[in-house]
Amino acid sequence: MKSLWNFFNSVKLAIFLLIIITLSSILGTLIPQNRSLDEYVAHYGQFANLLNRFQLTNLYHSLWFLSLLFLFALNILICTLTRFPAKFRKAFQPKLIKDKKNILVLKIKGSLGKNWGLAKTKEELKKELSSRHYRLKEEVEENKAFLLARKRTLGLFGADFVHLGLLIILAGGIISGFGGFRKNLTLSEGDILDIPNAEFKLRLDKFETEYYPDGNVRDWKSTLTVIENEKQILSKIIEVNHPLSYRGFVFYQSSYGWNWTNTSVEIWVKKRKDPSFLRKIDITVGERVRLEGENIQISFIHFIPDFVLNEKNEAATRSLQPNNPAAFIEGWEGDEKIISGWIFAKFPDFSRIHSEKETDLSFELKNFKASQYSGIEAAKDPGVNIIWLGCTFLMIGLAFAFYWPSREIKIILEETQGKTGVTAGGIASKNREDFQSEFDEIMTSLRRLR
Amino acid sequence: MNESILFLTTFILYIISAFFYFSFLFSKKENLARIGFKFAFSGLLIHTVALILRTFESGHAPFTNMYESLSFFAWSSILAYIIIEFKYKIRKAGPYFMLIVIALMALASSPLMPKEATPLVPALQSYWLWLHVSVTLLGEAFFAIAFITSIMYLVADSKERKGIKSVLSSEKLDSVSYKCIAIGFPLFTLGGLVFGMIWAYYAWGRVWSWDPKETWSLITWFVFALYLHTRIVMGWKGRRSAYVAIIGFLAALFTYFGVNYVLAGLHSYA
């Protein structure tokens with residue numbers, strides 16, 4: 001047990017782990033993470049299995065990486081705990097130095113003599129130190145006085161705060177990882193959705209996309225209403241960077257899209273030999289409409305937002321964006337299908353209408369309309385406030401450590417025959433040059449005093 | 001007056017500053033370094049006006065594309081250098097540091113960088129953009145100085161080993177490198193990691209996604225943490241420390257540029 005403790009109570013181990021974790025993190029940025037096995041096989045061939053086996057395809061959540069983080073946390077904890085009591089005693093129960101030798105070994109030191117008695121010298125010195133915000137501790141023996149002047153003592157604990165902050169952040173991360181939950185919801189206007197593991201429902205009242213004058217998206221805005229026990233509790237417009245928080249859940253505007261399954265289109269029907277002939281039909285997927293004045297019915301079978309032919313020469317969609325909208329339609333004369341095929345909104349000349357029977361009709365896909373849905377990410381992150389707490393500790397610690405370095409001056413005064421000798425030495429946790437000049441100023445001003 | 005003229009003026013002032021700094025380096029006349037400093041400082045002032053103008057013209061923070069962010073990084077670097085030069089009098093680092101600044105400005109002016117202000121995509125419309133980017137880049141500016149002083153340390157150290165003394169001693173360079181990192185590290189932690197996490201939480205719903213840019217900023221942070229621990233706890237100084245500082249800045253640079261062009265991720269817009 002003791003040797004295990006000593007193993008973790010080592011700065012060298014910390015450095016070693018830090019290097020290993022850094023190198024592992026680099027590895028994780030070089031290998032794309034969380035892709036499908038097919039992609040890895042395509043990219044790495046026979047090594048794909050090896051990557052999978054060592055969990056390099058989900059490196060940051062792999063057992064071995066998390067174990068490294070855990071060891072590192074344990075290492076930090078034990079290093080901090082072991083060093084803390086001594087540091088605490090030093091800060092809050094300091095001992096006065098009574099042997100000059102212990103002052104003379106310090107790097108920053110000086111001595112001087114005054115033609116004053118002990119009491120006066122001490123008072124003048126104390127005045128000077130107090131004016132520089134040093135707090136003083138003293139002890140007097142006959143002919144001798146021992147002073148300890150300190151300031152910014154909290155600076156000593158900077159590193160401890162930093163380490164504590166890191167441990168808290170890691171703890172928060174673990175809590176988020178195990179207790180957290182997230183789910184993508186898709187809502188169309190008017191939809192009401194039960195939130196999983198929660199006592200309330202969410203309704204999307206309105207979803208809109210705002211555009212800049214140049215056509216780029218400015219923002220997506222969803223008006224959400226929280227419904228609890230059949231009552232409307234609150235409504236909020238959420239947008240990117242401005243989520244809705246309710247009962248530990250946070251709802252983010254994360255994506256958007258179209259419900260292509262119930263697309264409505266406008267189709268123009270023309271006759272090649274009769275330029276004056278034009279019929280416009282509005283039709284939704286699955287509907288069949290009689291063409292006015294003609295003995296033909298038009299069926300709208302299928303809609304594809306981003307038409308492409310796949311390897312098997314089948315119609316497919318490349319994405320859910322309306323980049324190449326296409327409609328599959330059929331024309332029926334009674335029970336007989338006389339035409340069928342694809343028409344394209346962006347490429348009217350590329351219609352691929354297959355006719356069973358001679359016909360003069362041509363079709364154009366003019367407009368399409370589908371309801372938009374809002375993609376909302378529901379998240380519960382129980383560790384996040386703990387992470388913020390950890391960040392606060394981290395920053396306070398860094399500020400203490402680097403911008404608030406502790407300073408300490410140890411002084412021994414000795415009176416002999418009405419004259420007093422002053423021996424002083426100082427310790428600063430950081431920024432020794434500045435401390436050196438302050439130390440010199442103190443000594444000089446005492447020396448000059450008449 | 002518009003922003004691009006001011007940008008050009010700034011660029012010219014920085015070049016003149018570098019010219020005087022290099023003349024100082026070869027002639028050893030302190031006066032020339034002082035003139036170089038003044039040109040750098042007036043460049044900073046004009047640059048500040050340019051950035052403010054850009055903010056008003058575009059209606060958003062002046063660091064939302066590569067051109068803007070390079071220009072802002074150059075601005076932060078000059079600001080950081082002026083602070084460090086004022087405090088620690090490292091004039092000899094001036095010429096080399098001005099080279100970095102000029103490289104940033106040249107890269108920003110290159111025709112490859114689109115200069116027109118584009119409207120912000122939804123994810124960038126947040127006040128955290130200001131805090132996250134500005135504090136991070138200011139922190140990295142101090143790392144840039146440490147990078148220069150660390151390289152200068154390596155040169156000065158090998159000269160001193162041969163008995164050649166320099167005005168700016170290797171010991172001083174080592175200590176200035178440490179000081180720059182001591183200033184930059186808290187800034188980088190606050191801007192890059194903490195503000196980044198807060199913004200990620202509001203924008204993407206998660207504080208950490210192991211996106212390549214996030215991971216590389218953590219790697220950068222690890223390298224500088226390594227620098228501080230080896231130095232403070234294990235007493236490393238000099239050459240070894242200088243190498244770690246150099247690696248740290250290269251990691252920061254990769255986080256800043258490399259990730260955008262080499263590794264794809266959520267941060268694709270910046």
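Helices (H or I, at least four residues) and strands (E, at least two) are DSSP runs, numbered from the N terminus. This is a predicted model: local features need pLDDT of at least 70, side-chain atom pairs count only at pLDDT 80 or more, and totals for chains, interfaces and linings use all residues. Residues are numbered from 1 along each chain as its sequence is written, while chains are lettered from A and ligands numbered from 1 in the order in which they are written.

**Exercise 1. Describe the build of chain A: is it spread out or compact?**

Step 1. Count the elements. Chain A holds 10 helices and 23 strands.

Step 2. Apply the globule rule, 2.2 Å times the number of residues to the power 0.38, with the radius of gyration taken over C-alpha atoms. The rule gives 22 Å for 450 residues, but the radius of gyration of chain A is 39 Å, so chain A is more spread out than a compact globule.

Step 3. Look at the box. Along the principal axes, the C-alpha atoms of chain A fill roughly 130 × 50 × 45 Å.

Step 4. Check burial. A residue is buried if 20 or more other C-beta atoms lie within 10 Å of its own, exposed if 12 or fewer, and partly exposed in between; C-beta atoms are placed from the backbone. Of the 450 residues in chain A, 26% are buried.

**Exercise 2. Find which element of chain A gives the most to the side that touches chain B.**

Step 1. Define contact: two residues whose C-beta atoms, placed from the backbone, lie within 7 Å. The contact between the chains takes 36 residues from chain A and 32 residues from chain B.

Step 2. List the elements of chain A that each supply at least two residues to this side. They are helix 2 (11–30), strand 7 (217–228), strand 10 (249–258), strand 21 (372–380) and helix 9 (384–403).

Step 3. Helix 2 of chain A gives the most, with 10 residues.

**Exercise 3. Locate the largest nonpolar core and its main contributor.**

Step 1. State the rule. A nonpolar core is a set of buried Ala, Val, Leu, Ile, Met, Phe, Trp, Tyr and Cys residues joined through C-beta atoms within 7 Å.

Step 2. Read the size. The largest core has 110 residues, and B:A74, B:F142, B:I145, B:A146 and B:I181 have the most contacts inside it.

Step 3. Name the contributor. Helix 6 (residues 170–204) of chain B gives the most to this core, with 19 residues.

Step 4. Follow one residue. Leaving aside neighbours within four places in sequence, B:A74 is in contact with B:V101, B:L104, B:M105 and B:A108.

**Exercise 4. Is B:K89 buried or partly exposed?**

Step 1. Find B:K89. This residue lies in the loop between helix 3 (66–88) and helix 4 (94–109) of chain B.

Step 2. B:K89 is not a glycine, yet has a positive phi of about 50°.

Step 3. Count neighbours. B:K89 is partly exposed because 13 C-beta neighbours lie inside 10 Å.
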